[in-house]
Amino acid sequence: MREWTDEQDFDRFIQGDGIVEAGDRMPDQYRTEVFRFIEMHANSELFGGLCEHFWVSRAPGLHRKLAFLAKTQDEIGHAHLLYMVAADLGVKTRQQMLDDLFAGRSKFHNVFHYKTHTWADQIVIAFLVDAAALTTQQAVLKQCSYGPYRRILRRIVSEEGFHMRHGEEMLLTLADGTKIQREMFQVALDRWWEAVMHFFGPPTKPDDLLIRWRVKSETNEALRDKYVQKFVPMLHDYGFTIPDPYLHQDDSGRWVIGDIDWSALSSAQSNRGEDSAQRIARSLAAWNDTAWVRNILDRSTAGGRAA
Amino acid sequence: MSGPPYPDTAAVRRAVMQVNDPELSGVTIGSLGMVKSVVVADDGTAHIVLVPTFLGCPALAHIAHDVERAAISSGASAAVVVFDHQDPWSTDRIDSVARTALAGLGIAVSSATGTACPFCGSVSLDQISPVGPASCRSAHWCGSCRNVVEVFRDARAPLTSLPIPTRRMSYAHL
């Protein structure tokens with residue numbers, strides 16, 4: 001267990017690429033900030049898994065169903081591991097985190113506050129949203145100061161890369177498909193582009209503690225820009241239109257997006273998005289529906305190992 | 001025989017062995033012991049037999065695709081990839097290169113003599129759940145260094161034979 005004499009001492013440790021371990025006597029505020037960040041990540045993985053799960057029975061063909069089943073397991077598995085790392089910080093127990101989530105008191109990513117109307121909406125989530133998530137996670141992994149989170153992220157990033165590959169394959173199927181398929185994707189892109197831009201969050205404040213303590217390595221706007229430079233040309237190449245009338249290239253060829261209206265993000269962040277209530281209700285139903293599995297495990301461990 | 005000179009089996013085999021596992025960066029399918037046989041026929045077609053680490057592995061189609069491309073880019077005229085479901089894969093097939101790469105990702109390989117934490121080496125890992133994010137790995141908690149660890153399971157061991165989590169003190173608070 002390590003201790004630091006004061007906040008400056010801790011800051012110097014972080015600036016010198018120090019890695020904080022679970023048993024260290026870290027500043028309370030660092031503990032709380034790291035906890036909140038991991039809790040939101042865990043919640044979002046859980047909602048991502050439930051979102052994928054919804055499409056298992058609806059996905060076209062056995063191959064896609066199998067892929068969605070596997071991705072559901074990945075995401076729920078990620079949530080499972082992240083909740084442990086979060087709970088170990090001692091701010092809330094896993095049960096408290098779940099209670100807060102089901103009661104609508106917690107945050108999860110904005111994209112899970114909206115309805116998926118069509119299969120193309122789900123492809124936007126599987127490709128464009130997963131790619132956005134991967135962009136932000138890679139930036140955290142680059143210099144994350146909290147060791148146990150950094151170690152899990154390395155695996156998560158590796159697996160999300162595989163998800164994206166699957167998402168891109170699905171997108172290509174629609175892009176190479178019939179006029180109806182292409183139109184379906186364009187409608188979905190029109191519906192989701194703003195939410196994808198919102199995903200990176202509003203401009204980072206100069207005194208952001210997560211940047212100062214090296215949980216995040218880059219500002220929200222830098223990550224959004226990185227994403228725009230990569231995905232705008234890609235979507236153009238596939239023949240789709242980005243729903244942003246002010247989108248243009250500057251003299252150096254960089255893509256510049258129009259001003260972002262943040263009102264939808266504020267509603268989503270306070271769990272007042274168009275689908276927030278249903279998503280939360282579905283997550284609680286999923287938790288209750290699987291109570292029998294937990295009961296069996298609890299009963300068999302009460303008397304030691306099951307035969 | 002007519003046609004261009006085709007590569008020998010060894011060259012194609014080398015290329016196939018180097019194909020990366022799509023979910024585990026830096027770990028090749030050769031190192032995981034998934035490549036059972038590679039034979040280049042007289043017409044230049046590479047016949048490749050792979051052993052999946054798990055029957056229902058969702059990455060199989062991607063692996064087959066990558067293997068086909070590797071075989072063709074190493075000179076084979078065509079490639080036929082078959083998965084062998086008779087010969088069960090086991091963790092014994094994972095070589096030391098893959099073991100090191102897996103440890104870097106926080107994944108240990110199950111061992112009858114005690115599975116060690118890839119971060120601190122402690123052998124007192126507590127299993128939390130028989131499957132984690134992937135069917136081929138179980139989730140564990142290391143009470144010594146307080147990290148989450150995944151363990152590559154032996155595909156031959158049925159799920160029902162795995163120890164049921166015994167809420168030990170190391171993670172009772174989680």
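A residue counts as exposed when its relative accessible area is over 50%, and as buried when that value is under 20%. Keep those cut-offs handy as we walk through this structure, which is a predicted model.

Asp17(A) has a phi near 65°, which is positive even though the residue is not a glycine. You'll find Asp17(A) in the loop between helix H1 (7–15) and helix H2 (28–54) of chain A. Its relative accessibility is 56%, so Asp17(A) counts as exposed. Asn271(A) sits in the loop between helix H10 (263–269) and helix H11 (276–289) of chain A. Is that residue buried or exposed? With a relative accessible area of 14%, Asn271(A) is buried.

Staying in chain A, look at the pair made by helix H5 (residues 119–143) and H6(A), whose axes come within 8 Å and cross at roughly 150°. Angles over 145 degrees count as roughly antiparallel, and H5(A) and H6(A) are therefore roughly antiparallel to each other. The crossing of these two helices is left-handed.

Over to chain B and its sheets. As a reminder, strands of a sheet pair through backbone hydrogen bonds, in either a parallel or an antiparallel sense. One open sheet has 3 strands in the order S1-S2-S3 (chain B), with mixed pairing. S1 and S3 of chain B are at the edges with a single partner strand each, so one side of each has no neighbour in the sheet. On average, neighbouring strands here are turned by 15° against each other, ignoring direction. Helix H1 (residues 9–17) of chain B packs on this sheet, where it touches S1 and S2 of chain B, and its direction makes about 145° with that of S1(B). Helix H2 (residues 60–73) of chain B lies across S2 and S3 of chain B and runs at about 150° to S3(B).

Where does the mixed pairing come from? Strand S1 (residues 35–40) and strand S2 (residues 45–50) of chain B are antiparallel, joined over 5 bridges; in that pair, Val39(B) has His47(B) in S2(B) as its bridge partner. The two strands form a hairpin with 4 residues between them, and Gly44(B) in the turn has a positive phi of about 90°. S2(B) then pairs with strand S3 (residues 78–83) of chain B in the parallel sense, over 6 bridges. Here the bridge partner of Ala46(B) is Ala79(B) in S3(B).

The other open sheet to look at has 4 strands in the order S4-S7-S6-S5 (chain B), again with mixed pairing. Strand S4 (107–109) and strand S5 (125–129) of chain B take the edges, each with a single partner strand, so one side of each lacks a neighbour in the sheet. From one strand to the next, the twist averages 40°. This is where the chains meet up: helix H6 (residues 147–175) of chain A packs on the sheet and touches S4, S6 and S7 of chain B, its direction making about 40° with that of S7(B). Within the sheet, strand S6 (residues 137–142) and strand S7 (residues 147–152) of chain B run antiparallel and are joined by 6 bridges. One of the residues involved is Cys142(B), whose bridge partner in S7(B) is Asn147(B).

The structure holds 0 disulfides over all chains. Cys145(B) is in no disulfide, and the nearest cysteine sulfur, that of Cys142(B), is 3.7 Å away. Cys136(B), for its part, is buried, with a relative accessible area of 12%.

Methods
Residues are numbered from 1 along each chain as its sequence is written. Chains are lettered from A and ligands numbered from 1 in the order in which they are written. This is a predicted model: local features need pLDDT of at least 70, side-chain atom pairs count only at pLDDT 80 or more; totals for chains, interfaces and linings use all residues. Side-chain values use heavy atoms; hydrogens and water are left out. Two strands pair if DSSP finds at least two bridges between them. Axes are lines fitted to C-alpha atoms, for helices over the stretch in contact, and angles run from 0 to 180 degrees between N-to-C directions. Contact means heavy atoms within 4.5 Å. A disulfide is a pair of cysteine sulfur atoms within 2.5 Å. Buried means under 20% relative accessible area, exposed over 50%, partly exposed in between (1.4 Å probe, protein chains only). Angles under 35 degrees count as roughly parallel, over 145 as roughly antiparallel, 65 to 115 as roughly perpendicular and the rest as oblique. A crossing is left-handed if the near helix is turned anticlockwise from the far one by less than a right angle, and right-handed if clockwise.
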